[in-house]
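Student: Please take a close look at one part for me. I would like the aromatic rings and the ligand site in one connected account.

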Amino acid sequence: EERSLFSSDFLWGSASAAYQIEGAWNEDGKAASIWDEFVKQPGATYKGTTGNIAVDHYHRYKEDVKLMAEQGLKAYRFSISWSRIIPNGKGEINLEGLKFYSDLIDELLKYGIEPIVTLYHWDLPYALQASYGGWESREIIQDFTEYAKVLFEMFSDRVNYWVSLNEQNIFIMHGYLFATHPPAVKDPKRMYEANHIANLANASVIKAFREGGYKGKIGPSFAYTPSYALDCQPENCLAAEQHQELLSYFWMDCYVRGTYPRLAMKVLEDKGLAPTQLPGDSELLKAGRPDFMGLNYYQTATLEANPSDGIGFDSKMNTTGEKGKSESKGLPGLFKTAVNPTLETTNWDWTIDPVGLRLALRRIASRYDIPILITENGLGDFDKLEEDGTVNDANRIDFLEKHVSEIGKAIEDGVDVLGYCTWSFTDLLSWLNGYQKRYGFVYVDRDEESEKELTRIKKESFYWYKDIIKSNGLSLKR
Ligand code: GCO
């Protein structure tokens with residue numbers, strides 16, 4: 001009899017984030033987050049789309065959880081909106097906000113679905129931005145820790161998996177360097193300062209989790225884009241390594257080892273960008289070692305040498321969904337991104353690279369020797385609802401099938417993988433691409449032009465994943 005590569009308690013899951021699905025942005029005592037304010041600015045998001053209603057999960061969570069149960073999901077990753085729990089970011093607790101998430105957790109447990117709770121998925125209470133500049137102030141370390149402790153106290157009887165910060169590298173770079181996320185700053189010095197404070201806040205929350213003696217596991221989710229050299233020219237190989245140091249190990253080393261990688265820090269020091277480190281910082285970072293690395297994997301990057309002068313990163317964001325307007329990222333003197341001639345790309349120009357997932361898992365396991373929870377992976381696409389009411393997302397099935405198969409190989413390689421959450425369960429709001437970029441197993445009948453019924457429709461991929469879960473991966477074709 002064929003044996004599965006996946007353990008019997010492997011967490012076959014799917015994921016979402018509060019702002020991208022909930023809606024009800026000002027209901028039941030919730031105050032505004034930085035995203036609620038940001039989307040009001042003309043031109044900030046695709047066609048001015050907002051998450052005010054999103055896919056109305058706040059009112060339809062029972063229907064959504066029922067669909068998860070029908071699919072057989074073992075785990076569901078969602079995020080808690082800080083400004084529902086503590087509307088002003090610090091101070092008074094909003095019981096109605098707590099009740100919503102408590103009910104959601106109970107609903108999941110009713111069907112045997114393991115909740116994986118993200119503490120922070122980018123929707124900072126606006127009050128903290130307005131009063132002290134959010135992630136740029138060390139005050140946030142304590143406020144984030146107090147908020148997390150409320151959640152640990154309330155939910156750790158029922159929650160075994162916690163994600164501390166989601167994609168710190170993304171919200172910090174987009175918020176303080178590319179100016180595409182709030183607070184829309186373009187300043188590398190401020191970026192590295194804010195990032196250091198976010199590292200401390202992350203460590204502080206993990207430390208509080210340990211000190212509180214809560215059961216369960218906690219770790220950050222990192223958006224890891226492994227690097228390749230464009231070719232075997234030594235200069236390009238060096239560029240790929242420098243990219244890896246500055247854009248990946250720079251974060252992951254801090255999480256796991258509690259130190260910044262020496263070579264990346266030297267680059268920042270030379271450019272006058274190194275963050276201010278105070279006495280005690282290093283001890284705090286070391287006290288925040290996670291139980292697992294959360295991995296959000298979408299694509300790989302290909303690099304070549306970038307001999308030109310200059311100090312800053314450069315990025316052109318693709319927010320239009322049109323092909324050929326992709327992101328170009330570089331650090332003059334070190335590296336710039338190149339097109340990988342061996343890989344196809346999505347409609348948003350992200351490389352499609354299943355082997356890259358195995359590589360990502362191996363690199364993390366090899367450098368850090370830590371279990372890995374894949375907290376996101378998926379394909380953003382223009383899905384089409386057919387006249388007969390079906391959605392044939394064959395591209396997504398192909399994408400996910402190949403990625404799951406590479407996870408199996410990584411497990412055979414010896415990597416400790418706790419679980420796999422696809423992004424996403426239902427279609428949801430893409431921060432910068434509106435509702436046209438769909439990721440879900442469940443289609444939500446909604447677009448920018450009209451407020452439709454927000455009807456849920458199971459895509460073909462819904463049934464594909466159902467089989468994968470049921471067979472514990474044995475129904476994989478490759
Ligand atoms: C998008 C992105 C997001 C992210 C997720 C990161 O299109 O907006 O893909 O959906 O993947 O929020 O954690």
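Tutor: Buried means under 20% relative accessible area, exposed means over 50%, and partly exposed lies in between, with a 1.4 Å probe and protein chains only. This is a predicted model, where local features need pLDDT of at least 70, side-chain atom pairs count only at pLDDT 80 or more, and totals for chains, interfaces and linings use all residues. Residues are numbered from 1 along each chain as its sequence is written, and side-chain values use heavy atoms, with hydrogens and water left out.

Start with the rings. A pair of aromatic rings is described by the distance of the centres and the angle of the planes. Here rings of Phe, Tyr and Trp (its six-membered ring) pair if their centres lie within 6.5 Å; planes under 30 degrees apart are stacked, over 60 edge-to-face, and the rest tilted. That rule gives 39 aromatic pairs. Take Tyr120 and Phe171: the centres are 5.2 Å apart and the planes stand at 70°, so this pair is edge-to-face. Tyr120 belongs to strand S3 (residues 114-120) and Phe171 to helix H8 (residues 168-176), so the pair ties together parts 51 residues apart in sequence. Helices (H or I, at least four residues) and strands (E, at least two) are DSSP runs, numbered from the N terminus. Tyr120 and Phe171 are both buried.

Next, Tyr298 and Tyr439. They form an edge-to-face pair, 6.1 Å centre to centre with 75° between the planes. Tyr298 sits in the loop between strands S7 (293-296) and S8 (301-305), and Tyr439 in the loop between strands S12 (417-423) and S13 (442-444), 141 residues apart. Tyr298 is buried, at 11% relative accessible area. Tyr439 is buried too, at 7%.

For Glu376, a polar side-chain atom is 2.6 Å from an oxygen atom of the ligand. For Trp423 the corresponding distance is 2.9 Å. The protein covers 93% of the 340 Å² of accessible area that the ligand has on its own, by the Shrake-Rupley method with a 1.4 Å probe; for residues, only the protein chains shown count as cover.

Definitions and conventions:
Polar contact = N/O pair within 3.5 Å; in protein donor to acceptor, adjacent residues only side chain to side chain.
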